[in-house]
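The following note concerns the aromatic contacts and the sheet of the model shown here.

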Amino acid sequence: MNKSELLNWLRKEYQEWEAFLGQIGTARMDQPGVNGDWSMKDIVAHLTGWNRWLVARLQAAQRSQPEPPPPWPAHLQTDDEINAWIYESNQGRSVHAVLDESHQVFQQLLAVIEGLPDNVLIEQGWHLVWLDDKRFPAGEFFDHFHDDHEPDIHAWLARVEKQ
């Protein structure tokens, strides 16, 4: 996979993501029960929190700088602890603020990938971008969404639409 193919894939996935969010609608974004107690807004914030970290790491690697510290407190070590922190950090935010941030972070991801050399090594299956000896999962937002959240969201939508 080359850089252009990765960018095209990301843009296509993002268009599908936006259409999916449009199907859900902003009025239902705060409804809990999508995945446990999480609402769709919580899932968007969760995915965006991890994507923001990816963008920061890619930007630093692109500038040959050391990896920046994560946005969450350093004592948090497990994904569950980090996910809980992201959840709590976004509880008071509006749906529109969370959606706007998600859009901005995605645009930052596109910009950093566009700024990479044309011959950057990219593994197709996981959309891994290699910079020096470090790999960055450029497709993680969508891969994680499809693998770990999309089935729950479809099940929730089916329940909500029956009511």
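1. Rings of Phe, Tyr and Trp, the last represented by its six-membered ring, are taken as a pair if their centres lie within 6.5 Å. In this predicted model, ring pairs link Trp 9, Tyr 14, Trp 17, Phe 20, Phe 106, Phe 141, Phe 142 and Phe 145 into a cluster.

2. The structure holds 10 aromatic pairs. One of them joins Trp 17 and Phe 145, edge-to-face, at 5.0 Å centre to centre with 80° between the planes. This pair links distant parts of the chain: Trp 17 lies in helix H1 (residues 3-24) and Phe 145 in helix H5 (residues 140-162), 128 residues apart. Trp 17 counts as buried because its relative accessibility, 1%, is under the 20% cut-off. Phe 145 is likewise buried, with a relative accessible area of 2%.

3. Trp 53 and Trp 72 also form an edge-to-face pair, with 5.7 Å centre to centre and 65° between the planes. Here the link runs from Trp 53 in helix H2 (residues 40-62) to Trp 72 in the loop between H2 and helix H3 (79-90), 19 residues apart. Both Trp 53 and Trp 72 are buried.

4. An open sheet is formed by 3 strands in the order E1-E2-E3, with antiparallel pairing. Strands E1 (121-123) and E3 (134-137) stand at the edges; each has a single partner strand, so one side of each is left without a neighbour in the sheet. From one strand to the next, the twist averages 30°.

5. E1 pairs with strand E2 (residues 128-131) over 3 bridges in the antiparallel sense. Trp 130 in E2 is the bridge partner of Leu 121. H2 packs on the sheet, touching E2 and E3, and its direction makes about 145° with that of E3.

Notes: Residues numbered from 1 in each chain as written. Predicted model: local features only at pLDDT ≥ 70, side-chain atom pairs only at ≥ 80, totals over all residues. Heavy atoms only, no water. Phe/Tyr/Trp six-rings, centres within 6.5 Å; stacked < 30°, edge-to-face > 60°. Helix = DSSP H or I, 4+ residues; strand = E, 2+ residues; numbered from the N terminus. Buried < 20%, exposed > 50% of the residue type's maximum accessible area, 1.4 Å probe, protein only. Pairing = 2+ DSSP bridges. Axes fitted to C-alpha atoms, helices over the stretch in contact; angles between N-to-C directions. Contact = heavy atoms within 4.5 Å.
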